[in-house]
Amino acid sequence: MAVNRVPVLKRCRSLGLDPIYLGIDKKSKRQLKRANRKVSEYGLQLREKQKAKFIYGVLEKPFHNYYLKADRMKGMTGENLMIMLERRLDNVVFRLGLARTRKEARQIVGHKHIMVNGKQVKVPSYLIKAGDTIEIKEKCKDSQRYKDILEVTGARLVPEWLEADHENLKGTVKELPNREVIDVPVNEMLIVELYSK
């Protein structure tokens, strides 16, 4: 499996991204030394795509597959793409506050700690639907790990399309998200332009 070993803060600096979107509370004191050169249109489009891939932790091939699927759906391709990325199980676990970062959420799902509608799911890219119930497996609920996670994420704002129950370590998908409620700083139109060349 491909693993990106570039330090997170360094990658955030190069993409001009605030680490808070990844669930990381650190700030880099370093400034990116970038010459005052003009970035081409292609460069801007590529940066937006890299930003989206980095935030959601998706590699190139699956990301391109999401784009192709979004292109076949009704409506705006860019909005469909962002909604599909937001519907990933690892992202929903992160949004519910059951993980500090999306990487940790991916690990929790991979370690078979997550139940969707009472069934164990270990695929981070599983797309949730409206009405789905996501919860931590019963035997894992007492572990110290989740108490520590809730201490950090307890004050985090849960999006309005989700309903979190931190007492019982579970959450419900009230409805599918729309682009207005997705607070990710990505211009999806540039990604669509890049792929449609």
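## A buried helix

In this predicted model, the buried residues of helix α4 are Thr77, Gly78, Asn80, Leu81, Met82, Ile83, Met84, Leu85 and Glu86.

Tyr67 is placed in helix α3. Its relative accessibility is 6%, and because buried means under 20%, Tyr67 counts as buried. When neighbours within four places in sequence are left aside, Tyr67 is in contact with Thr77, Leu81, Val192, Tyr195 and Ser196.

## The overall fold

The protein contains 8 helices and 5 strands. Read from the N terminus, its elements follow the order α-α-α-α-α-α-β-β-β-α-β-β-α. The radius of gyration is 17 Å, close to the 16 Å that the globule rule gives for 197 residues, so the protein is as compact as a globular protein of that length. Along the principal axes, the C-alpha atoms fill a box of roughly 55 × 45 × 30 Å.

Of the 197 residues, 42% count as buried. The accessible surface comes to about 11,600 Å², and carbon and sulfur atoms account for 51% of this area. Among contacts between residues at least 6 apart in sequence, 61% join residues at least 24 apart.

## The largest pocket

Rolling a probe the size of a water molecule over the atoms shows where empty space is left. The largest pocket has a volume of about 720 Å³. Its lining consists of 26 residues, of which Asn4, Phe54, Gly57, Val58 and Lys103 lie nearest the centre.

Helices α1 (8–15), α2 (41–56) and α6 (102–110) each supply at least two residues of this lining. By class, the lining of the largest pocket divides into 14 nonpolar, 5 polar and 7 charged residues.

## The second largest pocket

The second largest pocket has a volume of about 440 Å³. It is lined by 23 residues, and the closest to its centre are Ile20, Phe94, Arg95, Arg156 and Leu157. Two or more residues of this lining are given by each of α5 (89–95) and α7 (144–153). The lining of the second largest pocket has 15 nonpolar, 2 polar and 6 charged residues.

## Two loop residues with positive phi

Lys112 is found in the loop between α6 and β1 (114–116). Although Lys112 is not a glycine, it has a positive phi of about 65 degrees. Its relative accessibility is 34%, so Lys112 counts as partly exposed.

Leu169 lies in the loop between β4 (162–165) and β5 (170–173). The phi of Leu169 is near 50 degrees, which is again a positive value in a residue other than glycine. Leu169 has a relative accessible area of 5% and is buried, whereas Lys112 is partly exposed.

Methods: Residues are numbered from 1 along each chain as its sequence is written. This is a predicted model: local features need pLDDT of at least 70, side-chain atom pairs count only at pLDDT 80 or more; totals for chains, interfaces and linings use all residues. Side-chain values use heavy atoms; hydrogens and water are left out. On a 1 Å grid over the protein atoms alone, a cavity is a set of points where a 1.4 Å probe fits but cannot get out, and a pocket is an open set with protein on both sides within 12 Å along at least five of seven lines; lining residues have an atom within 4 Å of a point. Grid points are joined across faces, edges and corners, and a volume is the space filled by probe spheres set on the points. Helices (H or I, at least four residues) and strands (E, at least two) are DSSP runs, numbered from the N terminus. Ala, Val, Leu, Ile, Met, Phe, Trp, Tyr, Cys and Pro count as nonpolar, Asp, Glu, Lys and Arg as charged, and the others, Gly among them, as polar. The radius of gyration is taken over C-alpha atoms; the globule rule is 2.2 Å times the number of residues to the power 0.38. Buried means under 20% relative accessible area, exposed over 50%, partly exposed in between (1.4 Å probe, protein chains only). Contact means heavy atoms within 4.5 Å. Accessible areas come from the Shrake-Rupley method with a 1.4 Å probe; for residues, only the protein chains shown count as cover.
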